[in-house]
Amino acid sequence: MLFIKKFLLLASICLCFSSPSFASSILEVDFQQIVNKSESIFEGEVVATTSEMSADGNIYTFVDFLVLDVLSGNLNVGESITLRFTGGTANRFTLSVGSTIPAIGEHGVYFIESMDRQLINPLYGWSQGHYRIQADGQIIAGDNQVVVGADKNTSNNSTNTKLSTGIATGIISLPQQQVNTPPLAPPILLDEFKSLIKDAKTQ
Amino acid sequence: MSKSHRVLCSRLLLLSLIFMPTQSALSEALGTKWPKTSATFLTGGLPLDGPASGLPGDTETWQAAASEAADSWNDAQSAFKLTTLNAVGNGVCQSFGDNNLIFSQKACSSDFGKNTLAVTAGWSNGSTIVKADIIFNSNKAWGIYDGFLRFTPEDFRRVATHEFGHAMGLAHTTIKSALMFTTASNTYLPTPDDVESLESIYKDEKNSGSISYLLLLTLGIWSLRLLKRHKKAD
């Protein structure tokens, strides 16, 4: 009896599982660009998120961050800021434009394109300006890539259009399973990542 | 429950998991799909004229280029049918109404930002896509051309073909030669990898999905009978 119940529960979970997401065409940017063209750069923690359908029919997710450190821009440590992302789930519907919306409890380094303009994604270059920090201090970029370095001299100077791969040019990253595999570079931790950002900012 | 029942149940569970009607194991599926294997997009929101950049292939209209983008998918595969109609739709960026292709200075009431070429705004209910709008950033310079990709103007038809891929449920791929690779390239038609990914969503769903649901139904009936037997025995 218990076994049947367990089976039916497992089958239901498997059948219902899905991760809806669309995608859009975002231009590739480089590390120097995200550092120098972002209005603000900060280390923060997501303390609340709210998704709602607005009067115009769009779904927006409002993400509240507690600012833990300011690397650039007019923010203050300890203040709370709210960024609006287009997308989310409300009233049974999910609107997705391909943004990865920071989740509650997330700790990260965020590059804000603009606080004043209502952007579809307020982060510079979308996921290219979004870095999650794991509990062990490793930096995660894009689709679960571990950051092992950042080269401010690698510029995106191609004459052709390049769409974003999810990670800015110049951010050196490895898939999680290759981390700490010699002779590949070890992951950089939060303090080193922040030093690289500050260093690039002065260029 | 007897040992034989447990063994049978475990086997059915294993079979159900193997044939479960989720997306294919390929990374190219977004996890959402249309309830039918077709969708119609309205192109009446695009300007009637075309670009005037003087590039080869630049002589056609935006609407014709959008239809060509859809047809390039239809010509490459039969798993999903895209139709374009020269009519003005409603409900752009809303959960109801038509599927639209438009140029706009705004993306769903928001600014595009410096680095966004086009947005596919997809609405879903659970894992079912109910609507999709493809919105091109009119603040960028656009053209229509074949051959190698230029930085300016952006090639509307190539981006439209790529965005149609997203609208049908495809994510980016890691295959560099594919149209759904993240970097726009000289590829402007769906490749075998793109087609395979699309077929994995819609064809596999038709086949393995029905098998899986049949197995689950069988198991459900079998479970109820077993419960009845247990009740009678009690």
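A residue is taken as buried if 20 or more other C-beta atoms lie within 10 Å of its own. By this criterion, strand S6 of chain B (residues 116-125) is mostly covered, with nine of its ten residues buried. The model is predicted. Its scores are ipTM 0.81 and pTM 0.78.

Strand S6(B) has partners in both chains. Within chain B, eight bridges join S6(B) to strand S7 (residues 128-137), and the two run antiparallel. Gly122(B) stands opposite Ala132(B) in this pair. Strands of a sheet pair through backbone hydrogen bonds, either parallel or antiparallel.

Chain A contributes two further partners. Strand S6 of chain A (residues 93-96) is joined to S6(B) by three bridges, again in the antiparallel sense. Here Ser96(A) stands opposite Gly122(B). Strand S1 of chain A (residues 25-26) also runs antiparallel to S6(B), with two bridges. Ala118(B) is the bridge partner of Ser25(A).

Chain A contains three helices and eleven strands. From the N terminus, its elements follow the order α-β-α-β-β-β-β-β-β-β-β-β-β-α. Of its 203 residues, 41% count as buried. Among contacts in chain A with a separation of 6 or more, 65% join residues 24 or more positions apart.

Eight strands of chain A make an open sheet with antiparallel pairing, in the order S4-S3-S2-S7-S8-S9-S10-S11. Its edges are strand S4 (80-86) and strand S11 (171-175), each of which pairs on one side only. From one strand to the next, the twist averages 45°. Within the sheet, S9 (residues 139-141) and S10 (residues 145-150) of chain A pair over two bridges, antiparallel. Ala141(A) stands opposite Gln145(A) in S10(A). Helix H3 of chain A (residues 190-201) packs on the sheet. This helix touches S2, S3, S7, S8, S9 and S10 of chain A. Its direction makes about 80° with that of S3(A).

Helix H3 of chain B (residues 156-168) has 13 residues. From first C-alpha to last, H3(B) reaches 18 Å, close to the 18 Å expected at 1.5 Å a residue. Because 13 of its 13 residues are buried, H3(B) is largely enclosed by the rest of the structure. Just after the helix, Gly169(B) takes a positive phi of about 120°.

The largest nonpolar core has 92 residues. Those touching the most other members are Val147(A), Ala66(B), Ala121(B), Ile135(B), Phe156(B) and Ala160(B). In soluble globular proteins, nonpolar side chains tend to be buried together. Beyond four places in sequence, Ile135(B) is in contact with Ile102(B), Ser104(B), Ala107(B), Ala118(B), Val119(B) and Ala121(B).

Over residues 15-28 of chain B, pLDDT stays under 50. Where pLDDT is low, the predicted coordinates should not be read in detail.

Methods:
Residues numbered from 1 in each chain as written. Chains lettered and ligands numbered in written order. Predicted model: local features only at pLDDT ≥ 70, side-chain atom pairs only at ≥ 80, totals over all residues. Helix = DSSP H or I, 4+ residues; strand = E, 2+ residues; numbered from the N terminus. Expected span 1.5 Å × (residues − 1). Buried ≥ 20, exposed ≤ 12 C-beta atoms within 10 Å, placed from the backbone. Pairing = 2+ DSSP bridges. Axes fitted to C-alpha atoms, helices over the stretch in contact; angles between N-to-C directions. Contact = placed C-beta atoms within 7 Å. Core = buried A, V, L, I, M, F, W, Y, C linked by C-beta atoms within 7 Å. pLDDT = per-residue confidence, 0-100.
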